[in-house]
Amino acid sequence: MNLVDHPVGYLALAIFGLAYVLVMLEERIHLRKSKPMLIAAGLIWVLVAITYRAAGASGEVEDAIRHNFLEYAELFFFLLVAMTYINAMLERGVFDQLRIWLLGKGYGYRRLFWITGILAFCISPVADNLTTALIMCAVVMAVGRDSAAFVSLSCINIVVGANAGGAFSPFGDITTLMVWQKGILPFQDFFHLLLPSMVNFLVPAALMHFALPKGQPSSPESYDNVIRPGGLVICALFLLTIATAISFHQFLHIPPVFGMMTGLGYLKVFGFYLKRHEEYHWNESFETPPGDSSGDRTQGRRAFDVFSHIARSEWDTLFFFYGVIMAVGGLGFIGYLGMMSATLYGDLGPTFANVMIGVISALVDNIPVMFAVLTMNPAMPDFQWLLVTLTAGVGGSLLSIGSAAGVALMGQARGQYTFLSHLKWTPAIALGYGASIWVHFMING
């Protein structure tokens, strides 16, 4: 059924637009971003289902919903495992120890800004950009807890760096993974995007450098080791989990989420040992549980428990992803994504279309946008496929809601890194976006 010009299609667009406006206003109206998107997703599919049921074709809607929900389920469990590991490392004091080490070096805010950004760029090609952003944000919040301006700018830098680093690796972003799995580009061709990705990161970082506060964070009271028992082992298990996810996909052609869930098993088995060890030696916890309002930190403690770290995951972000994927999937089922791709590639040409794909991915999640492009499968040379891979990967950095890394960091650094704080630096990020495209034409064109 063609619902593009149907009142149902127009109403679905209006619902999605209103939900995204409320997401953008989260800082002002204090309405969690997941709430409008959950309602929008439900309403869009209800409208589509009613229309198809009236035409006697409800089975197609059910199949489409199951397809989109499967995509979300894979993302959900991948993120849940990553967040659980990060929460466990936070509780074990790993990031506090990294903060103490960085402060012990006497680095100022500006040097710390560059260190965390470069680490985000270098880690994301191996670990995906979302996991990398979550890890580096935890470090930034631990190091710069006394400066909200430093945390805000560093989070922007991390989002840009993680997205740029993920653009030149098949494992760095879901969009690059989709292109590689489709057989469009061979594995080694993605590394032609290394220099454009570096430019995309360096240009806005250089401009933000001058807005950073001067001086350095306050020195810690002591430089003693604060990592609690098992902290380093959990770090090693997290690296092993990432390696498992990559190996499952690379060698066995199994979705990476299965490797992540296997890695959760690593943590649960080690957590069993750690819990028994702590209960035997101390019979009290190392960490005040969330929501414990007692003033005495020696009360209400418990031994290591994996499920408590799962409970501390950023559920608002996870539900927001559900709303986005299902709502955009509904719009794609109606036909708007296909119409957009046909208009761009059919009327405007591949270069302009691929540049616009990056801009669109800042507003709409880049996964369904790239999926629409792959479904269209326009006749383009490898140079143009590399261009759309680059723009779809780094275009999401233009807005905080344009990438999974940005959305996750808005939840992790709530109140310090927001949609509006990111928006202030969109012109600088756009300059880096344009510069990266220019470099791609110069070296790969």
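Me: In which helix is threonine 244 found?
Reply: The model is a predicted one, in which local features need pLDDT of at least 70 and side-chain atom pairs count only at pLDDT 80 or more, while totals for chains, interfaces and linings use all residues. Residues are numbered from 1 along each chain as its sequence is written, and side-chain values use heavy atoms, with hydrogens and water left out. Helices are DSSP runs of H or I with at least four residues, strands are runs of E with at least two, and both are numbered from the N terminus. By that assignment, the element that holds threonine 244 spans residues 231-252 and is helix H11.

Me: Is threonine 244 buried or exposed, and which residues does it touch?
Reply: Buried means under 20% relative accessible area, exposed over 50%, and partly exposed in between, with a 1.4 Å probe and protein chains only. Threonine 244 has 8% relative accessibility and therefore counts as buried. A contact means heavy atoms within 4.5 Å. Leaving aside residues up to four places away in sequence, threonine 244 touches Gly259, Thr262 and Tyr266.

Me: How many disulfides does the count give?
Reply: A disulfide is a covalent bond between the sulfur atoms of two cysteines. Here it is taken as a pair of cysteine sulfur atoms within 2.5 Å. By this rule the count is zero.

Me: Which cysteine holds the closest sulfur to that of cysteine 235?
Reply: The sulfur of cysteine 235 is 17 Å from the closest cysteine sulfur, which is too far for a bond. The residue that holds this closest sulfur is cysteine 137.

Me: How many helices and strands does the protein chain have?
Reply: Both kinds of element follow the DSSP runs described above. For the protein chain, the assignment gives zero strands and 21 helices.

Me: What radius of gyration does the protein chain have?
Reply: The radius of gyration is taken over C-alpha atoms, and the globule rule is 2.2 Å times the number of residues to the power 0.38. The C-alpha atoms fill a box of roughly 65 × 50 × 45 Å along the principal axes. For 445 residues, a compact globule would have a radius near 22 Å, and the protein chain agrees with this, at 22 Å.

Me: What percentage of the contacts with a separation of 6 or more joins residues 24 or more positions apart?
Reply: Buried residues make up 55% of the 445 residues in the protein chain. Among contacts with a separation of 6 or more, the share from residues 24 or more positions apart is 79%.

Me: Where is histidine 253 found, and what phi does it have?
Reply: Histidine 253 is found in the loop between H11 and helix H12 (256-281). With a relative accessible area of 65%, histidine 253 is exposed. Although it is not a glycine, histidine 253 has a positive phi, of about 55 degrees.

Me: Which loop holds histidine 30?
Reply: Histidine 30 is not a glycine, yet its phi is positive, at about 60 degrees. Its relative accessibility is 69%, so histidine 30 counts as exposed. The loop that holds histidine 30 runs between helix H2 (26-29) and helix H3 (34-54).

Me: Which residues does glutamate 60 touch?
Reply: Glutamate 60 is found in helix H4 (residues 58-91) and counts as partly exposed, at 46% relative accessibility. Residues up to four places away not counted, glutamate 60 touches Tyr52 and Phe333.

Me: What distance separates the C-alpha atoms of phenylalanine 77 and phenylalanine 258?
Reply: Phenylalanine 77 also lies in helix H4 and is partly exposed, with a relative accessible area of 34%. Beyond four places in sequence, phenylalanine 77 touches Val257 and Met261. Phenylalanine 77 and phenylalanine 258 are 181 residues apart along the chain, and their C-alpha atoms are separated by 8.8 Å.
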